[in-house]
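Subject: Structure handover

Hi,

Here is the structure I promised to pass on to you. Please have it open while you read, as my notes follow below.

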Amino acid sequence: MLRLFHFTPRLDDVPGLPHFAVQILASDTVLLGALRLNRRVGLGEERADNPLDYLIRIRKIALPLYPQYGTEPNVYYIPPIHVPISFTQQMFGPGVEAAMQTYRSVPNDPDLLSALLLFGNTPRILHRFRRDGQEAVGYDDKDQEVVRVPFTEPFFTRDFFDKKNDVYRHNIT
C-alpha cells in the first residue's frame, strides 16, 4: 500500500512546532520502497494543483483505513490492487473499487501520473504540482521548483568490457 500523510489542524496547537515544518517523518525514511507525500490536506476548497488534495479529495484514489469506525484519518493509503476485493473493501470501505480502477488507469492519465511520480523524490513538502510535457514538477510553499521527475527514466546501456578503463562492467540491480 502506498501511504500519504496529512496533518489535521491539531498540529497548529502544538507549541513550538513551526507551520509546515515537518518534512519526511523519521519513521518512514527507513521504510525502503514506502512511497509517501507529507502535507496538510487543504482545508476549505479543493486545490487541483495540490498533490494531496488531488489524490485524496479530487481523484479519491487514496482512502482512509477502516472508515466505518468514523475516525478522522491522518494517514491515507492507496489500496493494493493484487489482493482479494473482499479484503480491501473491509479495510477501505465502499469507495475502494473506484480507487483501484483509478489506480489502474494511471498509464493513460498523465495528470494522475504526475502526482504519483512525486512520491519519494524529494524530502521537501510539496504545496503545488503540475505536468510539464513528459515531466512532473513539484513546488514548495514559496512557489519555487524543488523537484522535476521525467515520466520515463532514461535508460543507458554500456559495453560489458570498458576498454578505456580496462575493466568489466557488471550490471547488477
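A nonpolar core, as I use the term here, is a set of buried Ala, Val, Leu, Ile, Met, Phe, Trp, Tyr and Cys residues joined through side-chain atoms within 4.5 Å. Buried means under 20% relative accessible area. Please keep in mind that this is a predicted model.

The cores

The largest nonpolar core has 20 residues, and those touching the most other members are Tyr54, Leu55, Leu112, Leu116 and Leu118. Two or more residues each come from helix H2 (51–58), strand S3 (75–78), H5 and S6. The top contributor is H2, with four residues. There is also a second, separate core of eight residues, with Ile81, Val96, Ala99 and Met100 among them.

How many of the eight residues of H2 are buried? Seven are, so the helix is largely enclosed by the rest of the structure. The buried residues are Pro51, Leu52, Asp53, Tyr54, Leu55, Ile56 and Arg57. At the start of H2, the backbone nitrogen of Leu52 has a side-chain oxygen of Asn50 within 2.9 Å. After the helix comes Lys60, with a positive phi near 55°.

Glu45 sits in the loop between helix H1 (26–29) and H2. With a relative accessible area of 71%, Glu45 is exposed. Leaving aside residues up to four places away in sequence, Glu45 touches Asp53 and Arg57. Glu45 and Arg57 are 12 residues apart along the chain, and 9.7 Å separates their C-alpha atoms.

Helix H3

In helix H3 (residues 85–92), the buried residues include Thr88, Met91 and Phe92. These three cover an arc of only 75° around the axis, which puts them on the same side of H3. Gly93 follows H3, and its phi is positive, near 90°.

The three-stranded sheet

Three strands form an open sheet in the order S4-S5-S6, and their pairing is antiparallel. Strand S4 (128–132) and strand S6 (145–150) are at the edges with a single partner strand each, so one side of each has no neighbour in the sheet. From one strand to the next, the twist averages 20°. Strand S5 (residues 135–139) is joined to S6 by five bridges, and Glu135 stands opposite Pro150 in S6. Helix H5 (residues 110–117) lies across S4, S5 and S6, and runs at about 130° to S4.

Best wishes

How values were computed: Residues numbered from 1 in each chain as written. Predicted model: local features only at pLDDT ≥ 70, side-chain atom pairs only at ≥ 80, totals over all residues. Heavy atoms only, no water. Pairing = 2+ DSSP bridges. Axes fitted to C-alpha atoms, helices over the stretch in contact; angles between N-to-C directions. Contact = heavy atoms within 4.5 Å. Buried < 20%, exposed > 50% of the residue type's maximum accessible area, 1.4 Å probe, protein only. Polar contact = N/O pair within 3.5 Å; in protein donor to acceptor, adjacent residues only side chain to side chain. Arc of directions from axis to C-beta.
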